[in-house]
Amino acid sequence: TFIGNSSLRPEFTTQYNIGTTYIFESNTFVQSVSLQADAYYNRVKDKIVAMPSSNLFRWTMMNLGEVDIRGVEASANFGLQFPAKIFLDLGINYTFQEAIDITPNGTTYGNQIPYTPRHSGTLTSSISWEDWQMNYSFMYTGERYSQKANIPVNFVQPWYTSDLALTWDGKFKKTPIKIGMEVNNLFNQYYDVVLNFPMPGRNYRFNISLNF
């Protein structure tokens, strides 16, 4: 009774997917290339959707009669070897997903379901040299709606974040030691993953670990 919905019905899905993967490896400047693409179509009956209520710890669970989901996912990863033992790993991911409520005679027929962006993507990179490593990641989530009705009052702005980390992994007097520094939400972007519950602005983290 504290959370959920005692009348919730099970979800049934018919899924179709077609995809391809390409992998290349060598000992040259371009040491590895990995490409992957998938296209999918799902037809869901009694789609289960969870949405926050006035309390972030008490979510509302509900069924959507019928949902039509079409999407494409594409990713690429590159491993590059530079002189002076510098190695760069770069990854890119993009997702397009159209998840439409097609419940017959429904009041929100043709609307994108709650908290499902049409466009989203990530970029990750890592550069390493000897005992040092620097990581950068970028995440983008496109516009969404907080409720079933795609009307201006339910519109949720797109958001992005950038995170940066520097790590040294070496030894101190023969003891393995790892020291890391992070800056999260580097550009102090204001954003809500869930409407009216803002995420932290720019924040910092320092960590150290010893192995005996």
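Guide: Two strands are said to pair if DSSP finds at least two bridges between them. Strands are DSSP runs of E with at least two residues, numbered from the N terminus. Here β3 and strand β4 (residues 86-101) pair in the antiparallel sense over 16 bridges. As an example, Asp68 has Ile100 in β4 as its bridge partner. The hairpin of β3 and β4 has 3 residues between the strands, and Ala84 there takes a positive phi near 65°. This is a predicted model, in which local features need pLDDT of at least 70 and side-chain atom pairs count only at pLDDT 80 or more, while totals for chains, interfaces and linings use all residues. Residues are numbered from 1 along each chain as its sequence is written, and side-chain values use heavy atoms, with hydrogens and water left out.

Visitor: How many bridges join β2 to β3?

Guide: β2 and β3 run antiparallel and are joined by 21 bridges. Within this pairing, Lys45 has Glu66 of β3 as its bridge partner, and Lys47 stands opposite Leu64 in β3.

Visitor: In what order do the strands of the open sheet stand?

Guide: The open sheet has 9 strands in the order β1-β2-β3-β4-β5-β6-β9-β10-β13, with antiparallel pairing. β1 (12-25) and β13 (203-210) are at the edges, and each has a single partner strand, so one side of each is left without a neighbour in the sheet. On average, neighbouring strands of this sheet are turned by 10° against each other, direction ignored; the axes are lines fitted to C-alpha atoms, for helices over the stretch in contact, and angles run from 0 to 180 degrees between N-to-C directions.

Visitor: Which residues make up the largest nonpolar core?

Guide: A nonpolar core is a set of buried Ala, Val, Leu, Ile, Met, Phe, Trp, Tyr and Cys residues joined through side-chain atoms within 4.5 Å. Buried means under 20% relative accessible area, exposed over 50% and partly exposed in between, using a 1.4 Å probe and protein chains only. The largest such core holds 9 residues: Tyr40, Val44, Val49, Met51, Leu64, Val67, Ile69, Ala99 and Ile113. The largest share, 4 residues, comes from β2.

Visitor: What is Ile69 in contact with?

Guide: Contact means heavy atoms within 4.5 Å. Leaving aside neighbours within four places in sequence, Ile69 is in contact with Tyr40, Tyr41, Asn42, Val44, Gln97, Glu98 and Ala99. Asn42 is found in strand β2 and counts as buried at 12% relative accessibility. Not counting residues up to four places away in sequence, Asn42 touches Thr13, Thr14, Gln15, Tyr16, Val67, Asp68 and Ile69.

Visitor: How many salt bridges are there?

Guide: Side chains of opposite charge can pair when their charged atoms come close. A salt bridge is a side-chain nitrogen of Lys or Arg within 4 Å of a carboxyl oxygen of Asp or Glu. The count comes to 6 salt bridges. One of them joins the side chains of Arg9 and Asp46 (3.0 Å, N to O). Arg9 lies in the segment before β1 and Asp46 in strand β2, so the pair ties together parts that are 37 residues apart in sequence. Arg9 is partly exposed at 42% relative accessibility, whereas Asp46 is buried with a relative accessible area of 10%.

Visitor: Which residues are linked in a network of salt bridges?

Guide: The network links Arg43, Glu66, Asp68 and Arg70. Elsewhere, Arg205 forms a salt bridge with Glu182, with the closest N and O atoms 3.7 Å apart. Arg205 lies in strand β13 and Glu182 in strand β10, so this pair ties together parts that are 23 residues apart in sequence.

Visitor: How many aromatic pairs does a search of the whole structure find?

Guide: Rings of Phe, Tyr and Trp (its six-membered ring) pair if their centres lie within 6.5 Å; planes under 30 degrees apart count as stacked, over 60 as edge-to-face and the rest as tilted. The search finds 5 aromatic pairs. Among them, Tyr145 and Phe155 are edge-to-face, at 5.7 Å centre to centre with 75° between the planes. Tyr145 lies in strand β7 (residues 144-145) and Phe155 in strand β8 (residues 155-156), so the pair ties together parts that are 10 residues apart in sequence.
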